[in-house]
Amino acid sequence: MNHQKSILDNASLSDEELVRSAQNGKQDAFNLLYERYFPNVLARVRFKVPESDVEDVTQEIFIAVLKSLGSFKGQSKFNTWIWTITN
């Protein structure tokens with residue numbers, strides 16, 4: 001029950017708060033960012049690449065986000081940063 005409460009609490013956190021938590025090794029924080037942005041990233045990828053490549057390209061984008069998360073310094077909003085990577 002405690003685990004569910006903590007995830008619900010995290011759902012109300014800003015992107016930047018989740019990024020800081022993810023940078024500190026909290027996998028749940030990255031998972032929430034993924035859940036927030038997956039539908040829009042998928043839609044953008046679907047618009048840009050052939051359908052047969054959509055799943056792979058979307059996965060590669062989130063791998064790039066995860067690998068680059070440490071370099072996110074908050075100089076722009078997280079959603080601007082992830083759209084830059086997506087595009």
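In helix H2, the buried residues are Asp 15, Leu 18, Val 19 and Ala 22; buried means under 20% relative accessible area, exposed over 50% and partly exposed in between, with a 1.4 Å probe and protein chains only. Seen down the axis of H2, these buried residues fall within an arc of 105 degrees, so they line one face of the helix. The arc is that of the directions from the helix axis to the C-beta atoms. As a general point, an α-helix has 3.6 residues a turn, so residues three or four places apart point the same way.

Before I continue, please note that this is a predicted model, in which local features need pLDDT of at least 70 and side-chain atom pairs count only at pLDDT 80 or more, while totals for chains, interfaces and linings use all residues. Residues are numbered from 1 along each chain as its sequence is written, and side-chain values use heavy atoms, with hydrogens and water left out.

The protein has five helices and zero strands. Helices (H or I, at least four residues) and strands (E, at least two) are DSSP runs, numbered from the N terminus. Of the 87 residues, 26% count as buried.

Let us return to Asp 15, which belongs to H2, residues 15–23. Is Asp 15 buried or exposed? Its relative accessibility is 13%, and Asp 15 therefore counts as buried. Its side chain makes a polar contact with the side chain of Arg 36, at 2.6 Å. A polar contact is a pair of N or O atoms within 3.5 Å; within protein, one must be able to donate a hydrogen and the other to accept it, and residues adjacent in sequence count only if both atoms are side-chain atoms. Neighbours within four places in sequence aside, Asp 15 is in contact (heavy atoms within 4.5 Å) with Leu 33, Arg 36, Tyr 37, Phe 78 and Asn 79.

I turn now to helix packing. The axes of H3, residues 27–48, and H5 come within 11 Å and cross at roughly 40 degrees. Axes are lines fitted to C-alpha atoms, for helices over the stretch in contact, and angles run from 0 to 180 degrees between N-to-C directions. H3 and H5 are therefore oblique to each other; angles under 35 degrees count as roughly parallel, over 145 as roughly antiparallel, 65 to 115 as roughly perpendicular and the rest as oblique. On the H3 side, the residues making this contact include Leu 33 and Tyr 37, and on the H5 side they include Phe 78 and Asn 79.
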